Amino acid sequence: MADGVELWRAALQQCLHDHSHQLPVFLEHLAISLVDRFQQRSVLSDLDEAINLHRAALARRAAGHPHRSNSLNDLANALQLRFQQRGILDDLDEAIKLHRATLALRPPGHSDRPMSLSNLAGCLHDRCVRLDVLSDLDKAIELYQAALEICLPGHHLRPQLLNNLADSHLHRFQRGCVLFDLDEAVRLNRVALALCPLSHPHRFSSLNSLANSLVIRSPERPVLSDIDEVVNLHRAALALCPIGHPHRLMSLNNLGASLGDRFKDQGVPSDLDEIIELHGGALALCPPGHPLRPGFLYNLANRLVDKFQQRNVLSDLDEAIDHHRAALALCPLGHLDRCASLINLASSLRVRFQQRKILSDVDEEIELHRGAFVFCPPGHFHRSTSLKCLALSLQYRFKWQGQSSDLDEAFTLYSQLSQQSLPVSRLDICAIESWITSAEQAKHGSALVAYQTALKFLDQYITVLAPSSNHFDVVKEVTSSIAMDAFSCCVRHGALTNAVELVEQGRAVLWTQLARLRTPLDELSTSSVTGGALAREFKKLSSSLRDVFDASTEDQFLQIRQLTTQWDGVVSRIRQLPDFSRFLLPPLFSDLQKAAEYGPVIIVNGSKYSCDALIITRDQDPIRIPLEISLAEVSELSSEFQSLTKRVGSSDHQLESHKMVGILRKLWACIVSPVVRVLKELIDPGSRIWWCPTAEFTLLPLHAAGPYEKRSHNLSHFYVSSYTSTLGALIRARHHVSQDASIQHFVAVGQGHPDGGKELRHVAAELDIVAERVAPILSFTSLTDSDATVQGASDAFSRAQWLHLACHGIPNRKQPFESSFAMRDGPFTIMDIIRSRLQNPKFAFLSACHTTVGDESSPDEAIHLAAAMQFSGFRSVIGSMWSVDDEVARQVVTAFYDNLVDGSGRLDCRRAAVALHNAVKTLRKKIPLEQQIVFVHIGV
C-alpha cells in the first residue's frame, strides 16, 4: 500500500510537470490510495490529505463535466469517513450535501444511482445516530428501499443494501421499540447472508450484521433471541479473518462481545476466560493511535470487572480501572466515545468502592458522571440516562456520608425530567422510574410530581407506539404498576382527587388510545365553521390510523409516524378553540365523578406501598378506606382462588366449595365489609354499586364476598354489584345510552360443535329459551352450528343491538388479543371484535367461559373478551370469570331473561345488572356456589 501511494504521488508530480489534462484523474487515484492506506494504518493525516486532493479534483470538474458525479461522490465518502473518526458534524453535513448533488446527476436509469442512494442513506443514518433526528433515519430507510427496488436479484450491490437497510431498521427499533423494525432487521440480514456463499466478498459483513440484529435486547425480547447462533455467526466471521487480515481485530472483538452476552445470560465460567483472551487479542492488534483503541480498552476492562465479580480477585478490578483510565485518556473533549468512557470508568469505581469503601472512589465516580452529563444537553437521546446515573451516584454518597446537599442535588436533577419536551423514549421512562423509586425510599416530597410526570410520559410514549396488539408487550413493560403506585402515593398524601385522576390515566391504556380514535365529535362539529372542519379532519385521520393499525405492511411504522404527527397537529388546533382546551387530555376528577351519577363507584387499589379503597360519589369528594391487607397477601389470595377455579367440577366438589367460601370470607373481612360500612351511610339497601378493582384485585370476585354464616348477610343482600375496568369506560357507556335508536335487532349466536372443540350439548336449548322470550318483542335472528362461523359472527356483530353468544370462550393469557369465541370454522378473536363497526349496540350476554380473563401479567390492561365488547360499544355486558357449566348456563339464562323483559314488553340494557342479580337469587339453592357467582355484569 505504501508503494501504491508513492507511485501515484510520483505520477502526480510528473503530471504537474507535463501540465497534463489528466490531472484530476491522478489527483483522485492518489486520494483513493491514501484512503486505502488510512483504512489499513489509521493515520489521520492520510485521510486529511486525501480530502484535500479530492477537493482539488472536484474544482477541476465544473458543472457539466462527465465525471463530476464521481468527484462529488469520492469527496463525500472521504468526508463521511473522517466524520466517523473525529465526529466533526461539518464533515457529515458537507458529505450529505455532496451526496445529494451526486444523486441529482444520476437520474433514474443511471448505472450508479443505487450506489448514490445508498451513500446518501448511510450519511443520514450516521447523522441520526449522532443527533437523534428520527426523520433522517426514516429517509435513510426510504432511500435504501428505493435502491433495492432498482437492484434486482443477482445485482452485486443487493447483499450490502439489504444489510444497510437492516441496520437502519435495527437502529430505529432501538429508538422506538417497535417490533416490526427488529423482526425486519433479522429478516433482511438472513436474506443477505443467503446471497453470500463462502467465497463471497460480502459474507463477513453479512455474518456480522445478522449477529448484531439477533443480539439486541429489548423489553419485548427479554431473553437473547438465540445467543448460541450469535456466537456461531461471529466464530464463522472470525474464521474468514486469518492472522494479518485487516478485519481480524474487529472480528475478535465481536466474538468476545457475543460470548460476553452469553456469559451474562448463562454464566458459563469457561466463556469468561475465552472472552478476556479475545478482547486482549483485539487490543494487541490495535496500536496506539488507532481510532478503535478506546472501545477495545473498555470492552476488555468491562470483562475484567465481570471476572472480578466472579472470582473476587482485586487485581482484576484494578486492571480494569487502569484500562478504563487509558481509554478515557484517548477520548479528549469532543470525542464521540468520551461520554461512554466516562460512564464505564464511573461504574468500575463504584464496584471498587463496594469492596474497599474508599470514599475518593465515590467522589471521582460523581465527577465522572458530571462530565458525561455535560455531553448530553437537553434533547439528547441519552440525557435522561446520564441524569439518572448522576442522581443515583449522589444518593449513594448521601447514604455513606449523610450530606443533605447530595440528596437535594439528586432530586433537583430528577425534577428536570418533568420539564422535558417531546419525544419521549423508553430511556426517559426508565429515568422516571428511578426518580419514583428514589422518592419513595427517601419519602421525598417530589414523589407525586414524579408519578404525574411518569404518567404523562407514558401517555405520550404509547400514543407514538400506536394502540395495537403488536405493541401490547411494550405497554405491559412500561406501564407496570405505576398507576397503582401513583394512586397509593396520592392517598398517602391526602390528594384523593389526584389519586382518581392518575389511576385512571395509567390503566387500560390501549383501550383509552383506541377510544380516542372513536371520540364522538357532535359538539365539535356544531361549535363553529372551524370546529366542523377540524372535526372532519380529525375523523379522517383517526379512520386512517385505525386502518394502518389493522394492516401489517413493511411501511406501517412510517405511515403511523406520519399520520400520528398530523393527528397530533389537529388535536392541538382543536384545543385552541373555546371550550375545547381539554380535548382528549386525561380527564379531571370533576369529569370522572360523572361515573357515579347513578350509584357509587368503588376503586379498590393494590400497590406495594398500600392497599386502599376510594368511594366515588356524584356530589362529594372521594372517601378513603384503608384496607388491612398487603399486595403480597392479595396476590396470594388471587393465586389460591385461580387455582380453585381451574378445578371447578372436580370430584371433591365439597372440599373445593369449602375452600372457596374461605376466600370469600377473607375478601369480606379485609376489603368489602369496611366498604359496606361506609356505603350504609350513603345509599339505600338494594342500590346499585360499581366495583373498579386494580392489580390482582381484578382477579377476585368482590361481588360475591360475604361472611357466609347463618344470621349474617353477604354483599349481595345489601347491593347489586357491577364492574367497570375504568371510570372512563363507564362514562362512555352511559353517554351511549342517551343516543337511542329506533332500530332494535336481537341476534343470538350459538356454536355447540366448534371445529376441534368439545361439544356443548345445551346450546341449542339455550338459544330456544332466548328466542321464546325475546322474539315476541324484538326483531330476532338466530345463528347456530354451520351458520355460526367467524364471518357469521362478524355479520351478526355489525347489525345487532342486542347479542346473546353461547359457545366456548377461549382465553389466551399470554397473548390476550388472541382470546376468542370458538366458532364452527375457527376462533373469533378480540381483534375481530375491535375491527367490527357496530350500529348502536346495547347489550351482550356472553354465555361462555373465561370472558373476563385477560393477560396474566398485566390484569390492569383489561384485554379480555368482555372488555372488547364494551369497548366496541356494548353499554351493558354479562361475562364470566371462570368456567361455566353448560347446563347451569341454560338455567341462568332462563332466569335472567325472565327478569330482563318487563311487563310492558320492553328491553332496557340498564336493567341487566338487576336481572342477573335476581336470576342468581332464584337459583341459589339449585346450582353450586362457584356457578352462582361466575357471571358478572359490566357497564351501565
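Analyst: The discussion below takes up strands, helices, cores and a single residue.

User: On what basis are the residues numbered and the values computed?

Analyst: This is a predicted model, in which local features need pLDDT of at least 70 and side-chain atom pairs count only at pLDDT 80 or more, while totals for chains, interfaces and linings use all residues. Residues are numbered from 1 along each chain as its sequence is written, and side-chain values use heavy atoms, with hydrogens and water left out.

User: How is a strand within a sheet to be read, and how many residues of strand β8 are buried?

Analyst: In a regular strand the side chains alternate between the two faces of the sheet. Helices (H or I, at least four residues) and strands (E, at least two) are DSSP runs, numbered from the N terminus. A residue is buried under 20% relative accessible area, exposed over 50%, and partly exposed in between, with a 1.4 Å probe and protein chains only. Strand β8 (residues 802-806) has 5 of its 5 residues buried, so β8 is largely enclosed by the rest of the structure. Trp802, His804 and Ala806 lie on one side of β8, and Leu803 and Leu805 on the other.

User: Which strands pair with β8?

Analyst: Two strands pair if DSSP finds at least two bridges between them. Strand β6 (residues 745-750) pairs with β8 in the parallel sense over 5 bridges, and Val747 stands opposite Leu803. Strand β12 (residues 843-847) also pairs with β8 in the parallel sense over 5 bridges; here Trp802 stands opposite Phe843.

User: What is the strand order of the open sheet of 3 strands?

Analyst: The order is β9-β10-β11, with antiparallel pairing. The edge strands, β9 (809-810) and β11 (826-829), each pair on one side only. Strand β10 (residues 820-823) is joined to β11 by 4 bridges, and the two form a hairpin with 2 residues between them. Within this pairing, Ser820 stands opposite Thr829 and Met823 has Gly826 as its bridge partner.

User: How is the packing of two helices described, and at what angle do α16 and α17 pack?

Analyst: Two packed helices are described by the angle between their axes and the distance between the axes. Axes are lines fitted to C-alpha atoms, for helices over the stretch in contact, and angles run from 0 to 180 degrees between N-to-C directions. Helix α16 (residues 338-356) and helix α17 (residues 359-374) pack at about 160°, with their axes 8 Å apart. The two are therefore roughly antiparallel, a term for angles over 145 degrees. Contact means heavy atoms within 4.5 Å; among the residues that make it are Leu342 and Leu349 of α16 and Val362 and Leu368 of α17.

User: What is a nonpolar core, and which residues have the most contacts inside the largest one?

Analyst: In soluble globular proteins, nonpolar side chains tend to be buried together. A nonpolar core is a set of buried Ala, Val, Leu, Ile, Met, Phe, Trp, Tyr and Cys residues joined through side-chain atoms within 4.5 Å. The largest has 173 residues, and those with the most contacts inside it are Trp511, Ile671, Trp691, Phe821, Phe896 and Tyr897. Helix α31 (residues 653-679) supplies the largest share of this core, 12 residues. Apart from it lies another core, of 52 residues, including Ala50 and Cys123.

User: Is Asp316 buried or exposed?

Analyst: Asp316, in helix α15 (residues 314-329), is buried, with a relative accessible area of 8%. Not counting residues up to four places away in sequence, Asp316 touches Leu304, Lys307 and Phe308.

Terms used: Angles under 35 degrees count as roughly parallel, over 145 as roughly antiparallel, 65 to 115 as roughly perpendicular and the rest as oblique.
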